[in-house]
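Subject: Structure handover and notes

Dear colleague,

I am passing on the structure we spoke about, together with my notes on what turned up in it.

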Amino acid sequence: GDTDSDIRFGKNLGMKTVRVISEEKVGIPADMEINGLHELITKLTMKSKLTLLVILLTSIAFGQLNQVDSRGRKQGKWAKTYPESAVYQYRGEFKDDKPIGKFTYYYESSKVKAIMKHNEVETGRSVAYFYHENGQVMSAGIYR
């Protein structure tokens with residue numbers, strides 16, 4: 001059993017049936033059957049709603065990070081953190097091992113270090129903005 005969880009989702013019914021197994025953390029009587037996500041959300045405490053929202057948004061936003069294709073090329077969203085830290089070093093997206101779109105680089109303090117907007121397809125150029133740790137613009141430029 002999954003006794004550490006506050007809420008257990010029905011295995012055969014996906015998110016249609018929920019059985020509460022711990023009253024103290026979610027504020028719903030234990031062993032109460034809940035039908036549907038809407039009913040679950042209406043019965044949760046505010047703290048539990050916020051926790052559930054954060055978990056759902058995180059899993060949606062970062063569900064497929066740091067993927068490579070069969071040829072070893074970076075594909076999709078990538079993020080790297082500083083060693084032994086939860087602070088991002090960079091976040092961005094790759095297509096066939098080439099950066100595309102917006103890349104954001106961070107200082108270890110988690111403040112923005114640089115923003116690069118890659119537009120290889122339309123212009124063949126990238127625009128870069130570099131920042132001091134206090135947020136002031138250090139430099140900006142266009143490169144190919």
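A salt bridge is taken here as a side-chain nitrogen of Lys or Arg within 4 Å of a carboxyl oxygen of Asp or Glu. Please keep in mind throughout that this is a predicted model. By that criterion, the side chains of arginine 73 and aspartate 69 form a salt bridge, with an N to O distance of 2.9 Å. Arginine 73 also pairs with aspartate 96, where the closest N and O atoms are 3.5 Å apart. This second pair links distant parts of the chain, since aspartate 96 sits in the loop between strand E6 (88-95) and E7, while arginine 73 sits in the loop between strand E4 (67-68) and strand E5 (74-81), 23 residues apart. Through shared partners, Asp69, Arg73 and Asp96 are joined into one network, and the search of the whole structure finds 2 salt bridges. Arginine 73 counts as partly exposed because its relative accessibility is 23%, and aspartate 96 is likewise partly exposed, with a relative accessible area of 33%.

As to the overall layout, the protein chain has 3 helices and 10 strands, which follow one another along the sequence as β-β-α-β-α-α-β-β-β-β-β-β-β. Of its 144 residues, 21% count as buried.

Histidine 118, in strand E8 (residues 112-119), is buried, because its relative accessible area is 13% and the cut-off for buried is under 20%. Its side chain makes a polar contact of 2.8 Å with the side chain of serine 126.

Asparagine 134, by contrast, is exposed, with a relative accessible area of 60%, and is placed in the loop between strand E9 (125-131) and strand E10 (137-143). A polar atom of the asparagine 134 side chain lies 2.9 Å from the backbone nitrogen of glutamine 136. Asparagine 134 and valine 112 are 22 residues apart in sequence, and their C-alpha atoms are 9.2 Å apart in space.

Finally, on the surface there is a patch of positive charge, in which Lys77, Arg91, Lys102 and Lys117 gather; of these, lysine 102 belongs to strand E7 (residues 98-106).

Definitions and conventions: Residues are numbered from 1 along each chain as its sequence is written. This is a predicted model: local features need pLDDT of at least 70, side-chain atom pairs count only at pLDDT 80 or more; totals for chains, interfaces and linings use all residues. Side-chain values use heavy atoms; hydrogens and water are left out. Patches are made of residues with over 30% relative accessible area and no salt bridge: like charges are joined within 9 Å, nonpolar side chains (Val, Leu, Ile, Met, Phe, Trp, Tyr) within 5 Å. Accessible areas come from the Shrake-Rupley method with a 1.4 Å probe; for residues, only the protein chains shown count as cover. Lys and Arg count as positive and Asp and Glu as negative; His and the chain ends are not counted. The place of a charge is taken as NZ of Lys, CZ of Arg, CG of Asp or CD of Glu. Helices (H or I, at least four residues) and strands (E, at least two) are DSSP runs, numbered from the N terminus. Buried means under 20% relative accessible area, exposed over 50%, partly exposed in between (1.4 Å probe, protein chains only). A polar contact is a pair of N or O atoms within 3.5 Å; within protein, one must be able to donate a hydrogen and the other to accept it, and residues adjacent in sequence count only if both atoms are side-chain atoms.
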